[in-house]
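Please prepare a briefing on the interfaces in the model shown below.

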Amino acid sequence: MDLSELYTELVLEHSRNCANKRLLECATCSKRGYNPSCGDDITIELLIEKDQIIDAAFTGFGCAISQASTSIMIDLIKGRSSAEAQKLADIFLGMIKREIKEEEELEPLGDAIVFQNISNLPARVKCAVLAWRTLKAAVPEANSH
Amino acid sequence: MKAKLKLVRDQFPILKQRVNGRKLVYLDNAATTQTPRAVLDAVREYKEFFNANPRRGAHYLGGQATILLERARRKVQHFLNAPSPEEIIFTRNATEALNLIAYSFGLSKIEAKDEIVLCISEHHSNLVPWQRIARLKGAALRYLYLNDDYTLNWEEVKNKITARTALVGIAHMSNVLGTIYPIKELVGFAHKQGAAVVVDGVQSVPHQPVDVQDLNADFFVFSGHKVFGPMGIGVLYGKRRFLEAMPPFLMGGEMVEYVQEQEAAFSELPYKFEAGTPNLEGAVGLEAALNFVEEVGWDFVQKQERQLLAYALETLQKIPYLSVYGPKCLKQQGPVLSFTIKDCHPHDVATIADAEGIALRSGHHCAQPLMNYLGVPATSRASFSFYNTKEEIRRLAASLSKVRKWLGYGS
Ligand SMILES: Cc1ncc(COP(=O)(O)O)c(C=O)c1O
Ligand SMILES: [Zn+2]
């Protein structure tokens, strides 16, 4: 994989200065995700009201891939219902596993499509999926409250 | 020197490989070393001509296998200058050897009033087993923190290793910092306090001659795969009087004299600690690896590795925003160099180097308490062997100089 395909403007933009990296004081749910292979450690916070993700943010640290993937995901899920967010996570994980390849099916992922070829770098797959796995675990917890 | 380097490198077929379009630059020798032809040939020869269970079966091959196992054991004995072959136990790796010490010696000898003292830079292998023993026995676990230059702090030693200390665990050389600790002096001090000392020699054995009698360590362990041998073979050296007093660790075949329904009598040393069919191809490969190192010669190994470390320290420290974690002094540091680049996560650093065929390690290096102590989540690490070249270090430096740019930080 060419590095310029991995560290694109979009990814660098998200990894460096993210408006999405902050504490969400009124969060209704918070979930920590940890990637022992490189130490990526993020906590995703969601404000869910009437099954709508009103706001989302994250804190923590990690590599450029994990930070960018988290930030892009947050932009994507804000304003969605929790079922929609779950669906997006499934599509993202399906894309990484190469189970979903059709462009049409991937379209809802928007900017997150940038990670489509990450499986060419097996060592970095965990970095890209960390946020999405954490989200999948967070949403059902939020709804059970 | 140069001609010899070429000869030596030619012994390692894997180094000729191209990765991502470039000649492989293998700088992850602290994780595992590559295998020379002599080792590949020895393992193959064993499999082709002598494969059988040692110490069992009255047939010809069984006899040959037994001879090979004991020959390998004696090679290790001489390599470490251990007093006798019975004090050399084959294990799967250093981790298993350390667990053996913890579960056999630790469980039977350490008590609630005791303290276990470890160096803060220990690999999880020489740390997590002791956490477990401390928990099981209600003993206290204490750590030796370091000087600002990452060397052993004698104030810490004097404060923490006391009459209450039952055991001291320390690596001969840190796999993260590269620090070579003054084991002989430390053992002397610990023994005066009545403590036993476990030395993790995984990182020192590939880089310097070791004399366990001179160090006077009570236990000393290493792994075959980090000294040009195969994976799956490790070594425990222990002083005879310790090993004899210790209960067995794993039970089963090969380690018993006779077995009745309710009890068994255990074998003598070293077999008491070698349950089950051993990894004989591993032992044979390890013997060949140790012979190989001796043929290359410690003079060459140490001269070459010191030059590489000196050159790497000089070149890498010229790179803006790069910080090195280690003594940075050739007397106290082996050929392991940990570093970070400001704003850049080590995992991204490794990916960027890999794109040019350069194998680095990044992460916590199985030393999370050390990472916390250093205040970093992870570092990148380049670790050298005598088969590496200055040219490879130049390629590393060139690649590292580009990291910040790749990650969007102007320079
Ligand atoms: C200092 C040190 N101790 C112990 C180990 C564990 O070695 P193994 O995994 O071969 O048991 C390592 C390996 O990284 C090491 O560097
Ligand atoms: Zn990562």
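The contact between the two chains takes 15 residues from chain B and 20 residues from chain A, contact meaning heavy atoms within 4.5 Å. This is a predicted model, in which local features need pLDDT of at least 70, side-chain atom pairs count only at pLDDT 80 or more, and totals for chains, interfaces and linings use all residues. Residues are numbered from 1 along each chain as its sequence is written, chains are lettered from A and ligands numbered from 1 in the order in which they are written, and side-chain values use heavy atoms, with hydrogens and water left out.

**Chain B and chain A**

- About 1400 Å² is buried between chain B and chain A, and carbon and sulfur atoms give 62% of this area; buried area is the accessible area (1.4 Å probe) that two parts lose on being put together, summed over both.
- The two chains share 1 salt bridge, defined as a side-chain nitrogen of Lys or Arg within 4 Å of a carboxyl oxygen of Asp or Glu.
- A:Arg124 forms a salt bridge with B:Asp348, with 2.8 Å between the closest N and O atoms.
- Helix 12 (residues 346–354) of chain B gives the most to the side of chain B that touches chain A, namely 4 residues; helices (H or I, at least four residues) and strands (E, at least two) are DSSP runs, numbered from the N terminus.

**Domains of chain B**

- Chain B is divided into domain 1 (2–29 + 297–406) and domain 2 (41–293), the bounds coming from an automatic or database domain assignment.
- The C-alpha centres of domain 1 and domain 2 of chain B are 28 Å apart.
- Their contact takes 33 residues from domain 1 of chain B and 28 residues from domain 2 of chain B.

**Interface between the domains**

- The area buried between domain 1 and domain 2 of chain B is about 2600 Å², with 66% given by carbon and sulfur atoms.
- Within domain 1 of chain B, the residues that lose the most area to domain 2 of chain B are B:Trp298, B:Leu370 and B:Tyr373, which together account for 25% of what that side buries.
- Across this interface of domain 1 and domain 2 of chain B, 0 salt bridges are found.
- Helix 11 (298–316), strand 14 (336–341), helix 13 (368–374) and strand 17 (379–383) of chain B each supply at least two residues of the side of domain 1 that touches domain 2.
- Helix 13 of chain B contributes the largest share of that side of domain 1, 6 residues.
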